[in-house]
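Welcome! Please take a slow look at the model shown here, and then follow along as we walk through some of its details.

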Amino acid sequence: MTGFFYGFRCGEGMVISIRKIFPGWRSVAFAILVVAFLLQPSSLLAQTSPIPDRLPADTVFCVHWHGKKSFPSDSAKNHVLQLYADPDLAPLWQGLTNTVFGHKGDHRIPANMVISALSSLLDNPAVAGFVEYPDARVTASPQSVLSLGGFFLVYDETGKTDLINLLTAASESSPGTPPVSNYSFSGVSVEVREGNGKGRNVYSAHAEGYYLVSNQKRTIEDLITRFQGAGKPAASLGQSPNYHAIVKYLGSDTSLDIYGRVPDFVQWIPPGEKYKPIARFVEALHLEKVHAVGEGVSFSGEATRVRGAILGDTSPHGLFDTVGASGPVFLTQPAVAMAPAIRITRVDFRAAYHLLRAGIMAALTPEQASNVTTVESMAQSYLGMSIADALGLFTGEIASGAYYSEDGTQQAVIAATIEDQADVLRVLEAAAGKLIVAEDSSGDTTYLDLLFPYKDPAAGTQRRMFYYLAVTPKMALAAPRKAMLRAAVERLKSQAGAAPSGSIFADSEYIQLRSLLPANLSGLTGSEIDQIPWDKIAARLEDQLGQSRKQSNSHAPDLAWLKQVDFGVMSRHLHRSVGGWWKDSTGIYFDSYLQ
């Protein structure tokens, strides 16, 4: 089945061609849909699965689908799965399939065969990932990066061998199929589909009920050894403490998992003076403090749950410094309360600036570093304070509320907490300069009108666009319309600390889902999914792509089929989504629900 998986190659940046690897776009699109709504993925490798206990210990990243048989007994009530199975969404799956597989000259597998094949293949578990070779080093040759490790796919082919062989035969009967050869390793026949360079071949084999695929000979042979026989390998991913820490948090009810760790990127940088600045920059970021990353998706019950973690050393001078402290109250909440989709987060701007500056300065020569210091001095003179102090005026909490106009255009109100109104105004006036065309005050709030020149992409003419800022004693706000801005300011004044009537924060479904998250958070997201005009958004997307095709003769896909989709089906099944993240001494954790 090497031909069927022939997207699994390392040309063009090791990109996997989805439309050749996955024979059914309906299920692929479903996975994309889940991620889009939840802003996160799912549970990597159930504790009872034999696959992680056989994967290489040097696995850097992997995605594990546990199979449809892993769905919990109460998944029939799950709203996302009900949406996926709703017949009214069939035009969407058909349209996506035709878009991906309908290109002329690439009819390797019929679209109807593609959909039914993937639906069947998804019954069983599968893991795809990347394994690092500890002894590999990048040389001066750009191609040497392909020798740092190998991509792999492991599929439990129990009951699916005939289907795999059928798909392989269909793929290999197409014109232009690359040359195929075979060799034997440890009593297993390995099929080799030739590419046009090292790391571009595709190797596949059947071993002990598993279908194995890789772009590296070294990896496929290691997988064959690992998946042969009843005994477990002496070392595996399943024995990794970081892996176990992630799995422990994700739980045992997930159907899709992602696991990753940060490799030693310095070893991936070519030797020589030319690349030393890159190595010094990477070292200054202290990426080694991030030990493991993971996410998991569970379809148990009515709500789809997505949870994950970034674990590591949270001591000072690392990426964890940039995440703000967790707390029970978000001051910006009233400003965005009436939007159907909100996002609030806390960021330490000073820490982010110092970390980035440390990386840049480490990468520069003494003369270049002196130039940066000169620029900082000029900025201090211009702003009236250092860049770090200017960033410190914004105390870290930022909120955005997305609104939708009648034509599907998204407009956002943005709010950020501040600590000194006069200093913030001075910095904004210095930074915006001549863009400010008007300034007025109302009570303790100052409003700035900005005018930006831009080129209309449709007409090709120069135009101007207004944008509006407001600075209150405790907050700075921005919006594309002044009425939106003033309404946000009024909510801050009249309902600070309360949930405005009719807002997402006063909604009973939101309150119930929010109660499932910890009280203290560093970030919060929420959406009234049934209030988002999905049909208008789809129509606008189709119109934009259509204009792009006309203006530049681009290969943008034709999405006219979106007009046939009744997007009301979305609101019938999905109503609310709520998510949050928090930070403690062991890392950053996040959790979200969609129902």
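In this predicted model, let us begin with a pair of facing residues: Asp156 stands opposite Tyr210 in S7.

How many residues of strand S3 (residues 149–156) are buried? The count is 8 of the 8, so S3 is largely enclosed by the rest of the structure. Both of its faces are covered. On one side you will see Gly149, Phe151, Leu153 and Tyr155, and on the other Gly150, Phe152, Val154 and Asp156, all of them buried.

**Rings**

Phe151 turns up again when we look at aromatic rings: ring pairs link it with Phe130, Phe265 and Trp268 into a cluster. The structure holds 12 aromatic pairs. In one of them, the rings of Trp65 and Phe71 have centres 6.0 Å apart and planes at 90°, so this pair is edge-to-face, because planes over 60 degrees apart count that way. Are these two residues buried or partly exposed? Trp65 has 17% relative accessibility and therefore counts as buried, as the cut-off for buried is under 20%. Phe71, at 22%, counts as partly exposed.

Rings can have charged neighbours too. The charged end of Arg218 sits over the ring of Tyr133, 4.0 Å from its centre. Lys217 lies over the face of Tyr183, at 5.0 Å from the ring centre.

**Two residues with a positive phi**

Finally, look at the backbone of Glu208 and His286. Glu208 has a positive phi of about 55° although it is not a glycine, and His286 likewise has a positive phi of about 55° without being a glycine. Where are they found? His286 is in the loop between helix H9 (276–284) and strand S9 (290–298).

| Residue | Relative accessibility | Counts as |
|---|---|---|
| Trp65 | 17% | buried |
| Phe71 | 22% | partly exposed |
| His286 | 28% | partly exposed |
| Glu208 | 57% | exposed |

Key. Residues are numbered from 1 along each chain as its sequence is written. This is a predicted model: local features need pLDDT of at least 70, side-chain atom pairs count only at pLDDT 80 or more; totals for chains, interfaces and linings use all residues. Side-chain values use heavy atoms; hydrogens and water are left out. Rings of Phe, Tyr and Trp (its six-membered ring) pair if their centres lie within 6.5 Å; planes under 30 degrees apart count as stacked, over 60 as edge-to-face and the rest as tilted. Buried means under 20% relative accessible area, exposed over 50%, partly exposed in between (1.4 Å probe, protein chains only). A charge sits over a ring if NZ of Lys or CZ of Arg is within 6 Å of the ring centre and within 35 degrees of the ring normal. Helices (H or I, at least four residues) and strands (E, at least two) are DSSP runs, numbered from the N terminus. Two strands pair if DSSP finds at least two bridges between them.
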